[in-house]
Amino acid sequence: MAEPLSLTLLGLILAAVGLDLIMGDPRGWPHPVIMIGGLIATLEQRWNRGTPQARRVKGLWLTACVVSLVYATTWSLLSVLAWLHPWLGRLGEVLLLASALAIKGLRDAAMAVAAPLARGDLAGARGAVAMIVGRDTQTLDEAGITRATVETVAENTVDGITAPLFWALIGGAPLALAYKAVNTLDSMVGYRNERYTDFGYASARLDDLANWLPARLTALCMWLAALVLPGARTREVLKKGALAGTWRDAPRHLSPNSGWPEAMMAHLLGVQLGGINHYHGGRISERATMGKPHKPLQVAHIAASVRYMHGAWLVFLLLMVCLAWIGSGL
């Protein structure tokens with residue numbers, strides 16, 4: 001019989017969640033993701049050259065090296081701390097797990113957009129949303145700012161919360177930070193352009209694989225949370241057909257994973273996400289639409305998306321713990 005889910009690991013994860021909710025990522029503190037990003041940038045400058053085939057091989061090597069190094073370094077650090085004292089090892093694990101989460105950071109970033117937007121300060125809201133999206137925000141109106149923010153909340157519910165929790169429940173802080181390394185690789189080199197199409201191919205595909213199950217589970221958990229959130233009416237949630245709508249819309253997204261939380265968020269809010277995005281340099285990207293425009297996008301939808309984000313990770317964590325516990329007894 002397999003060992004039951006470690007209550008110690010579960011307790012450390014819950015402590016990390018609590019720490020992230022209270023402190024987030026304090027400015028000025030060293031952060032593993034920043035260090036990982038620095039390593040990726042250095043290696044990219046040295047290795048991203050040569051023929052397309054050579055770039056693809058070097059990109060595969062970059063992915064393998066960075067992810068393996070992050071896992072091995074995290075495991076070794078925690079082993080040394082535990083050798084010095086068991087409680088040092090546990091404290092180190094909590095701190096590292098908390099660094100892999102972005103619950104408070106995502107909430108704060110979204111509400112930093114909502115606050116000026118609610119006052120009618122479009123310039124302030126555009127500046128705030130420019131901090132969390134890559135598109136050109138200078139001409140966005142209230143609906144455009146809201147769409148950009150809600151899409152970011154939906155997508156990063158997976159990247160910044162549920163996927164790290166998923167991998168932490170399987171392998172603790174070493175696997176959670178290895179996932180963050182995969183995610184950081186994708187965000188830095190996983191683009192479809194002349195510079196990164198070949199070099200970032202392995203990073204992008206590994207990120208797709210790492211998020212495949214968490215993204216779909218997150219959409220389901222978002223729907224389950226909608227049934228029990230304060231003020232939610234089960235009949236209305238069911239009437240929206242969010243499950244069927246998400247199943248229909250999500251595969252149309254450019255990303256094999258991002259469409260699932262975005263489509264679910266759109267259907268639960270009764271709005272339409274996706275469409276045309278304008279980027280700096282005049283580049284235009286047209287994305288498939290998610291959901292139906294039953295309501296015009298407005299600032300209130302940002303706070304609503306944050307509520308669904310919180311509901312999703314709470315249900316996700318409960319579901320993952322239950323599945324792990326059941327699976328351990330098989």
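Colleague: Leaving aside neighbours within four places in sequence, which residues is His31 in contact with?

Modeller: In this predicted model, His31 is in contact with Asp25 and Ser99. His31 itself lies in the loop between helix H1 (7-23) and helix H2 (32-47).

Colleague: What makes the approach of the His31 side chain to the side chain of Asp25 a polar contact?

Modeller: The distance is 3.4 Å, and the cut-off for such a pair of N or O atoms is within 3.5 Å. The pair therefore counts as a polar contact. The side chain of His31 also reaches the backbone oxygen of Ser99, at 3.1 Å.

Colleague: Why is His31 called buried?

Modeller: Its relative accessibility is 15%. Buried means under 20%, so His31 is placed in that class.

Colleague: How do you know whether Val153 is buried or exposed?

Modeller: Val153, in helix H7 (residues 142-189), has a relative accessible area of 2%. Because the limit for buried is under 20%, Val153 is buried. Not counting residues up to four places away in sequence, Val153 touches Leu106, Ala110, Met265, Ser305, Val306 and Met309.

Colleague: What makes the lining of the largest cavity nonpolar, polar or charged by class?

Modeller: The lining consists of Ile13, Ala16, Leu97, Ala100, Leu101, Pro164, Leu165, Ala168 and Ala176. Ala, Leu, Ile and Pro are among the residue types that count as nonpolar, so the lining has 9 nonpolar, no polar and no charged residues. Helix H7 gives the most to this lining, with 4 residues, and the cavity holds about 40 Å³ of space.

Colleague: Why is the aromatic pair of Phe166 and Trp167 called edge-to-face?

Modeller: A search of the whole structure finds 3 aromatic pairs. In the pair of Phe166 and Trp167, the centres are 4.9 Å apart and the angle between the planes is 90°. Centres must lie within 6.5 Å, and planes over 60 degrees apart count as edge-to-face; the pair is therefore edge-to-face.

Colleague: How do you know which class of accessibility applies to Phe166 and which to Trp167?

Modeller: Phe166 has 11% relative accessibility and so counts as buried, the limit being under 20%. Trp167 has 22%, which lies between the limits of 20% and 50%, so Trp167 counts as partly exposed.

Colleague: Why is the pair of Tyr191 and Tyr196 called tilted?

Modeller: The ring centres are 6.1 Å apart and the planes stand at 45°. Stacked needs under 30 degrees and edge-to-face over 60, so this pair is tilted. Tyr191 is partly exposed, at 42%, whereas Tyr196, at 13%, counts as buried.

Terms used: Residues are numbered from 1 along each chain as its sequence is written. This is a predicted model: local features need pLDDT of at least 70, side-chain atom pairs count only at pLDDT 80 or more; totals for chains, interfaces and linings use all residues. Side-chain values use heavy atoms; hydrogens and water are left out. Helices (H or I, at least four residues) and strands (E, at least two) are DSSP runs, numbered from the N terminus. Buried means under 20% relative accessible area, exposed over 50%, partly exposed in between (1.4 Å probe, protein chains only). A polar contact is a pair of N or O atoms within 3.5 Å; within protein, one must be able to donate a hydrogen and the other to accept it, and residues adjacent in sequence count only if both atoms are side-chain atoms. Contact means heavy atoms within 4.5 Å. On a 1 Å grid over the protein atoms alone, a cavity is a set of points where a 1.4 Å probe fits but cannot get out, and a pocket is an open set with protein on both sides within 12 Å along at least five of seven lines; lining residues have an atom within 4 Å of a point. Grid points are joined across faces, edges and corners, and a volume is the space filled by probe spheres set on the points. Rings of Phe, Tyr and Trp (its six-membered ring) pair if their centres lie within 6.5 Å; planes under 30 degrees apart count as stacked, over 60 as edge-to-face and the rest as tilted.
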